[in-house]
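Please read the following note alongside the sequence and the model.

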Amino acid sequence: MAVAAVTTKPLHKPLQKKRLPAGRPREWYVSHNRRLKAMRLAIALLDSGVHQPSSAGNARIRRTAELLGIHPPSDTTCRMVRALIRYGR
């Protein structure tokens, strides 16, 4: 019986952040950051076993954000998280 090796090291190096392009309207930056936050939250919820949008209420999404150390998301961001869970399969 073969036993799989377990490692605690990351399998890849994290990507380095790039600066956002200058000169865009403020709304572009707001929506861009909202999409990034929604993606991080959707990934965390999927990893924790939430696979149905009906299981991801605003309170649960906000608790997940708190666990991740992210600012509490707005109602709009919570709707975006549920949409990503619904259609992102």
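Which residues in H2 meet which residues in H3?

1. Asn-58, Ile-61 and Arg-62 in H2 meet Asp-75, Cys-78, Val-81 and Arg-82 in H3, where contact means heavy atoms within 4.5 Å. By class, this contact of H2 with H3 has three nonpolar, one polar and three charged residues. Ala, Val, Leu, Ile, Met, Phe, Trp, Tyr, Cys and Pro count as nonpolar, Asp, Glu, Lys and Arg as charged, and the others, Gly among them, as polar.

2. This is a predicted model: local features need pLDDT of at least 70, side-chain atom pairs count only at pLDDT 80 or more, and totals for chains, interfaces and linings use all residues. Residues are numbered from 1 along each chain as its sequence is written, and side-chain values use heavy atoms, with hydrogens and water left out.

3. Helix H2 (residues 58-68) packs against helix H3 (residues 75-87) at an angle of about 95°, with the axes 10 Å apart. H2 is therefore roughly perpendicular to H3, a term that covers angles of 65 to 115 degrees. Helices are DSSP runs (H or I, at least four residues), numbered from the N terminus. Axes are lines fitted to C-alpha atoms over the stretch in contact, and angles run from 0 to 180 degrees between N-to-C directions.

4. The axes of H1 and H2 cross at roughly 100° and come within 10 Å. Arg-40, Leu-41, Ala-44 and Leu-45 of H1 make the contact with Arg-60, Ile-61, Thr-64, Ala-65 and Leu-68 of H2. These residues divide into six nonpolar, one polar and two charged.

5. Asp-75 and Arg-62 form a salt bridge through their side chains (2.7 Å, N to O); the term requires a side-chain nitrogen of Lys or Arg within 4 Å of a carboxyl oxygen of Asp or Glu. The pair links helix H3, which holds Asp-75, to helix H2, which holds Arg-62, 13 residues apart.

Notes
Helix = DSSP H or I, 4+ residues; strand = E, 2+ residues; numbered from the N terminus. Parallel < 35°, antiparallel > 145°, perpendicular 65-115°, else oblique.
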